[in-house]
Amino acid sequence: MTDTPQRDKPWLFRTYAGHSTAAASNALYRGNLAKGQTGLSVAFDLPTQTGYDSDHELAKGEVGKVGVPVAHLGDMRALFVDIPLDQMNTSMTINATAPWLLSLYIAVAEEQGADISALQGTVQNDIIKEYLSRGTYICPPAPSLRMITDVAAYTRQHLPKWNPMNVCSYHLQEAGATPQQELAYALATATAVLDDLKDKVAPEDFPEMVGRISFFVNAGIRFVTELCKMRAFVDLWDDICRDRYGVEDARYRRFRYGVQVNSLGLTEQQPENNVYRILIEMLAVTLSKNARARAVQLPAWNEALGLPRPWDQQWSLRMQQILAFETDLLEYDDLFDGNPAIERKVADLKEGALAELAQIDAMGGAVNAIEYMKSRLVEANADRISGIEGGTTTVIGVNRYESGEPSPLTSGPEAIMVADPKAEADQLARLSKWKTKRDDARVEAALASLRRAAKDGTNIMPPSIEAAKAGVTTGEWGDVLRQAFGQFRGPTGVASAMSNRTQDLDDLREKVDAVSSKLGRRLSFMVGKPGLDGHSNGAEQIAARARDCGMAISYEGIRLTPAEIVERARAEQPHVLGLSILSGSHIPLVSDLMDRLRAEGMDIPVLVGGIIPEEDAELLRRKGVARIYTPKDFEMNRIMADIVTLADPQSVAAQ
């Protein structure tokens with residue numbers, strides 16, 4: 001009779017969640033914890049992520065859509081009612097406003113009577129990937145990097161169990177990064193932060209700070225490659241910590257990471273297939289003991305359609321629990337040590353990543369290489385999309401085995417959850433009431449201290465915590481930073497000059513030339529991203545393909561108001577205007593923009609792309625939108641053909 005094997009402790013089970021209001025999100029969190037979730041992962045809405053109050057012009061339509069709105073201490077207090085923070089491991093996916101949200105969290109924990117030094121969790125606090133892929137930055141790179149290391153230095157002294165930065169390669173893969181690029185750009189970000197942090201902590205404390213840097217990665221569908229990528233991360237990080245920073249204690253060189261598996265690969269077509277994709281992707285970060293994730297959060301099967309319901313999130317949670325508790329996975333040593341195929345692939349990935357790292361180092365590090373990395377991501381994403389379009393990359397239900405039975409999971413009036421339409425008004429009312437009940441003198445004093453700290457370089461955290469306690473709002477905190485450091489508009493990665501990507505575009509290029517002749521000038525296509533949505537990958541790819549088809553393109557990047565887009569359109573007179581909105585705010589933003597175009601007497605065909613349910617699409621068509629595209633419309637050349645048709649004077653005359 002053999003002894004029962006000793007089981008490893010499972011990873012943290014998380015679900016990335018938050019929507020509508022702090023009270024609604026609190027109920028969701030407590031429900032998930034009751035179902036066996038062991039850590040919280042908080043999603044904040046776009047105004048909160050970008051440092052605006054819910055009543056700001058740019059926040060219109062965005063409040064509570066992709067996460068929970070937290071505008072002040074009262075919202076943070078409501079978010080964690082009946083959740084003792086000193087007993088919780090909380091991950092907050094927040095970057096530009098990370099110092100502020102952590103300050104609010106600390107203030108609530110103090111109100112609960114918690115021992116602040118016992119708090120455990122993570123703020124993502126990775127601004128470089130925001131410039132490259134997600135778009136929720138506020139300030140230029142240098143002051144943003146300073147605030148990252150301010151948070152790290154503060155937690156070293158006051159929150160020793162807290163991870164001050166979660167280097168996030170997740171969105172890099174969502175933006176098209178190859179595994180080698182994901183490895184290199186994440187590691188380059190980590191070294192940029194540690195290089196800056198060295199001067200902010202005592203030399204004897206620095207190795208421990210290296211050990212508190214964690215990572216947040218993506219696991220895609222290429223299971224073996226993703227498994228090997230994680231093993232490569234472990235090796236490369238160990239080498240960097242030892243050789244670059246002289247960290248001798250192996251504990252501080254461990255590659256500690258959490259993961260969300262790939263949302264990019266979730267399909268609108270045959271969405272039930274996403275369950276299998278999520279499971280396979282989870283295996284890549286759990287099977288390999290020596291490179292196993294410390295926390296896992298899984299998307300829901302229907303996230304390509306809309307907000308997941310509590311039941312959908314429960315399904316993903318149960319997937320983790322079955323693997324951890326029903327199987328024997330956690331009873332064994334690493335299953336892949338010594339496997340020659342694995343070792344060859346790991347070596348190949350490391351070689352490619354080191355070549356990219358050498359290029360970034362030659363440019364002066366990650367901060368100086370932002371534009372280079374952005375352009376590389378756009379190119380890699382174009383390759384990925386071309387593979388799907390051309391069929392060299394198979395996606396079941398999308399470009400192969402497309403016929404199938406209708407999914408009963410997507411039928412019925414409550415098949416897809418939508419944000420409460422009354423939530424924004426409720427949030428605005430509570431924000432207005434909050435401002436009237438504050439001690440204005442204390443607020444002004446706190447803001448003055450914050451301005452001084454921003455100006456003289458002292459750590460931003462103490463005045464931010466005082467501001468949180470004084471009742472300062474997210475927008476007021478963000479405005480101080482915008483005034484002190486200025487705002488930043490990141491590179492788009494889409495050059496205006498035509499690239500050499502003209503394969504299979506000859507027919508389209510001829511049509512563009514023919515229509516341009518009729519128009520008397522080059523067919524002009526403008527791409528705009530209204531609102532706060534920073535997911536710009538689709539907009540970049542559409543702009544790049546239009547450029548390669550020979551159109552004159554105009555794309556200035558993210559975060560514009562409808563009024564600003566209409567003003568640009570009036571100045572540039574494009575023949576077709578394309579809008580990209582992935583945050584679920586398409587109805588208010590597009591409606592506003594269409595009304596403004598009509599008021600200006602501008603008759604420009606408008607295309608809209610996003611996660612748009614059919615009933616919303618019909619409403620937008622009634623508003624005058626000419627074409628609507630959702631994630632199922634992956635054939636970009638068909639979209640290009642539509643643009644040509646809409647710009648053709650003969651086509652317009654025939655309508």
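Which helix gives the most to the lining of the second largest cavity? Helix 6 (residues 141–158) does, with three residues; helices here are DSSP runs of H or I with at least four residues, strands are E runs of at least two, and both are numbered from the N terminus.

What you see in these views is a predicted model, where local features need pLDDT of at least 70, side-chain atom pairs count only at pLDDT 80 or more, and totals for chains, interfaces and linings use all residues. Residues are numbered from 1 along each chain as its sequence is written, and side-chain values use heavy atoms, with hydrogens and water left out.

**View 1. The second largest cavity, with helix 6 in its lining.** This cavity has a volume of about 60 Å³. A cavity is a set of points, on a 1 Å grid over the protein atoms alone, where a 1.4 Å probe fits but cannot get out, and lining residues have an atom within 4 Å of a point. Points are joined across faces, edges and corners, and the volume is the space filled by probe spheres set on them. Look for Asn 95, Ile 127, Cys 139 and Met 147, which are among the lining residues. The lining has seven nonpolar, three polar and no charged residues (nonpolar: Ala, Val, Leu, Ile, Met, Phe, Trp, Tyr, Cys and Pro; charged: Asp, Glu, Lys and Arg; polar: the others, Gly among them).

**View 2. The largest cavity, with 16 lining residues.** Here you get about 100 Å³ of space, in a structure that holds four cavities of 30 Å³ or more. Tyr 137, Pro 491, Ser 536, Glu 540 and Ile 558 lie nearest the centre. Helix 5 (residues 128–134) supplies the largest share of the lining, four residues. Sorted by class, the lining has five nonpolar, seven polar and four charged residues.

**View 3. The second largest pocket, with 38 lining residues.** A pocket is an open set of points with protein on both sides within 12 Å along at least five of seven lines, and this one holds about 880 Å³ of space. Leu 12, Tyr 257, Ala 293, Arg 294 and Ala 295 lie nearest its centre. Elements giving two or more residues to this lining include strand 1 (12–14), strand 8 (213–219) and strand 9 (257–261). Its lining has 15 nonpolar, twelve polar and eleven charged residues.

View 4. Rings of Phe, Tyr and Trp (its six-membered ring) pair if their centres lie within 6.5 Å; planes under 30 degrees apart are stacked, over 60 edge-to-face, and the rest tilted. The count comes to 17 aromatic pairs. One of them, Tyr 170 with Phe 216, is tilted, at 5.9 Å centre to centre and 50° between the planes. Phe 215 and Trp 237 have ring centres 5.0 Å apart and planes at 75°, so they make an edge-to-face pair. Phe 215 is buried at 0% relative accessibility (buried means under 20% relative accessible area, exposed over 50%, partly exposed in between, with a 1.4 Å probe and protein chains only). Ring pairs also link Phe 215, Phe 233, Trp 237, Phe 255 and Tyr 257 into a cluster.

**View 5. Arginines over tyrosine rings.** A charge sits over a ring if NZ of Lys or CZ of Arg is within 6 Å of the ring centre and within 35 degrees of the ring normal. Arg 482 has its charged end over Tyr 52, 4.1 Å from the ring centre. Arg 251 lies over the face of Tyr 252, at 5.2 Å from the ring centre.
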